[in-house]
Amino acid sequence: LHTAYRRQRQMCIRDRVNMVHQQDVINAIFAVIAHWQVGQNIYNIVNPEHPTKADYYALKCKQHGGEMPKFTSDEKAERKVIGSAIEALDFTYQYGI
């Protein structure tokens with residue numbers, strides 16, 4: 001996404017980040033294929049870490065020398081996606097966000 005567009009989007013400073021590493025997605029697909037007989041129809045694949053957007057972007061901007069995005073709100077919004085069901089298929093998340 002274009003940098004200016006990202007800064008203009010509605011972003012709450014207290015929203016939670018729901019992300020996953022690409023390799024964890026690939027590993028999850030292999031886990032589902034290997035256990036297709038006992039698996040569910042749908043899995044949420046999302047890293048168990050859920051930092052706030054403020055914490056996540058502050059860390060990434062510090063690591064990469066970027067500019068912090070402008071947050072439009074500080075209202076608390078609890079929207080966490082839980083990705084633990086796939087762990088029943090002997091899957092573990094290997095990468096942080």
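## Reading surface and burial, residue by residue

Aspartate 90 is exposed, with a relative accessible area of 68%.

User: Where is aspartate 90 placed?

Analyst: This is a predicted model. Aspartate 90 sits in the segment after H3.

User: What is the phi of aspartate 90?

Analyst: Its phi is positive, about 60 degrees. Aspartate 90 has this value although it is not a glycine.

User: Is histidine 50 buried or exposed?

Analyst: Buried means under 20% relative accessible area. Histidine 50 has 12%, so it counts as buried.

User: Where does histidine 50 lie?

Analyst: Look at the loop between H2 and helix H3 (53–64). Histidine 50 lies there.

User: Which residues is histidine 50 in contact with, leaving aside its neighbours within four places in sequence?

Analyst: Arg16, Val17 and Asn18 are in contact with histidine 50, and so are Lys80, Val81 and Ile82. For valine 17 there is also an atom pair to look at. A polar atom of the histidine 50 side chain lies 3.3 Å from the backbone oxygen of valine 17.

User: Now isoleucine 33. Why does it count as exposed?

Analyst: Exposed means over 50% relative accessible area. Isoleucine 33 has 53% relative accessibility, so it counts as exposed. Its place is in helix H2, residues 22–34.

User: Which residues form a nonpolar patch on the surface with Ile33?

Analyst: Val25, Ile29 and Phe30 form the patch with Ile33. Together the four have about 380 Å² of accessible area.

Definitions and conventions. Residues numbered from 1 in each chain as written. Predicted model: local features only at pLDDT ≥ 70, side-chain atom pairs only at ≥ 80, totals over all residues. Heavy atoms only, no water. Patch = residues over 30% accessible without salt bridge, like charges linked within 9 Å, V, L, I, M, F, W, Y side chains within 5 Å. Areas by Shrake-Rupley, 256 points an atom, 1.4 Å probe, with all protein chains shown as cover. Salt bridge = Lys/Arg side-chain N within 4 Å of Asp/Glu carboxyl O. Helix = DSSP H or I, 4+ residues; strand = E, 2+ residues; numbered from the N terminus. Buried < 20%, exposed > 50% of the residue type's maximum accessible area, 1.4 Å probe, protein only. Polar contact = N/O pair within 3.5 Å; in protein donor to acceptor, adjacent residues only side chain to side chain. Contact = heavy atoms within 4.5 Å.
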